[in-house]
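These are my notes from going through one model.

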Amino acid sequence: MGNISKKRTSIITCLFILFFTAISNASIGVTPSVTEIAVAPGSDARGVFTVINDSQNSIAVKIEPDEWNKRSKNNQEIPPVNSWLFFVKNKVEVPPRSTEDVSYVIKMPKDFKGELSSQIYFSEMSDKKEGMNLASRFGVVLYVLAEGTASYDLKLEDLGLKKNNKENPLTFLIKFKNN
């Protein structure tokens with residue numbers, strides 16, 4: 001039984017070390033983490049993500065937009081992300097303890113109605129050839145509304161004013177239902 005206990009302890013110790021090694025490698029961040037923008041159909045818009053390198057080493061980062069929705073609420077087919085979202089560069093080198101801006105262009109399809117969205121991954125690229133290769137991957141979200149195509153069907157369900165206590169003297173309540 002002593003051997004099994006030693007093996008179990010060794011395995012747990014190795015997993016513990018691997019876990020904290022992975023956390024220490026998590027050296028990239030991206031801002032903003034969520035972007036919401038309205039673009040008129042047939043128009044373009046530009047934006048910037050900022051990649052942050054908190055490590056003491058220079059890192060190469062790959063930018064990968066990912067499909068998020070395939071159909072809109074009105075069952076309209078969503079165009080592929082590579083047909084409306086374009087990055088000036090798909091890889092950047094970020095110096096130690098600094099930032100690098102990544103520019104993008106959105107080309108809203110002319111006849112599209114509704115919302116486009118994408119999860120965009122910023123992945124640390126490693127040139128390690130040996131041993132264990134752990135790399136950070138950071139995802140941000142982009143929502144793009146076709147300007148002028150949103151419709152709202154709201155119903156007022158409740159409206160009220162309530163007197164509370166000295167710390168919070170009044171509460172104003174408005175409750176809507178989106179049909």
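Is Phe 49 buried or exposed? I worked from a predicted model, and there Phe 49 has a relative accessible area of 0%, so I put it down as buried.

I then checked Phe 122. Its relative accessibility is 0% as well, and it counts as buried because the limit is under 20%.

Next came the aromatic pairs, of which I found 4 in the structure. In the pair of Phe 49 and Phe 122, the ring centres are 5.7 Å apart and the planes stand at 70 degrees; I noted it as edge-to-face, because planes over 60 degrees apart count as such. Phe 49 belongs to strand β3 (residues 44-53) and Phe 122 to strand β8, so this pair ties together parts 73 residues apart in sequence. I also noted that ring pairs link Phe 49, Phe 87, Tyr 104 and Phe 122 into a cluster.

I turned to the sheet that holds β8. It is an open sheet of 5 strands in the order β2-β9-β8-β4-β6, and its pairing is mixed. I listed β2 (34-39) and β6 (91-94) as the edge strands, each pairing on one side only. On average, neighbouring strands here are turned by 25 degrees against each other, direction ignored. Strands β4 (residues 59-67) and β8 (residues 115-125) run antiparallel and are joined by 8 bridges. I found Asp 66 opposite Gln 119 in β8.

Last, I looked at the surface. A nonpolar patch there has about 860 Å² of accessible area together, and its residues include Leu 154, Leu 170, Phe 172 and Phe 176. The elements giving two or more residues to this patch are β10 (154-163) and β11 (170-178). I placed Phe 176 in strand β11.

Note on methods:
Residues are numbered from 1 along each chain as its sequence is written. This is a predicted model: local features need pLDDT of at least 70, side-chain atom pairs count only at pLDDT 80 or more; totals for chains, interfaces and linings use all residues. Side-chain values use heavy atoms; hydrogens and water are left out. Patches are made of residues with over 30% relative accessible area and no salt bridge: like charges are joined within 9 Å, nonpolar side chains (Val, Leu, Ile, Met, Phe, Trp, Tyr) within 5 Å. Accessible areas come from the Shrake-Rupley method with a 1.4 Å probe; for residues, only the protein chains shown count as cover. A salt bridge is a side-chain nitrogen of Lys or Arg within 4 Å of a carboxyl oxygen of Asp or Glu. Helices (H or I, at least four residues) and strands (E, at least two) are DSSP runs, numbered from the N terminus. Two strands pair if DSSP finds at least two bridges between them. Axes are lines fitted to C-alpha atoms, for helices over the stretch in contact, and angles run from 0 to 180 degrees between N-to-C directions. Rings of Phe, Tyr and Trp (its six-membered ring) pair if their centres lie within 6.5 Å; planes under 30 degrees apart count as stacked, over 60 as edge-to-face and the rest as tilted. Buried means under 20% relative accessible area, exposed over 50%, partly exposed in between (1.4 Å probe, protein chains only).
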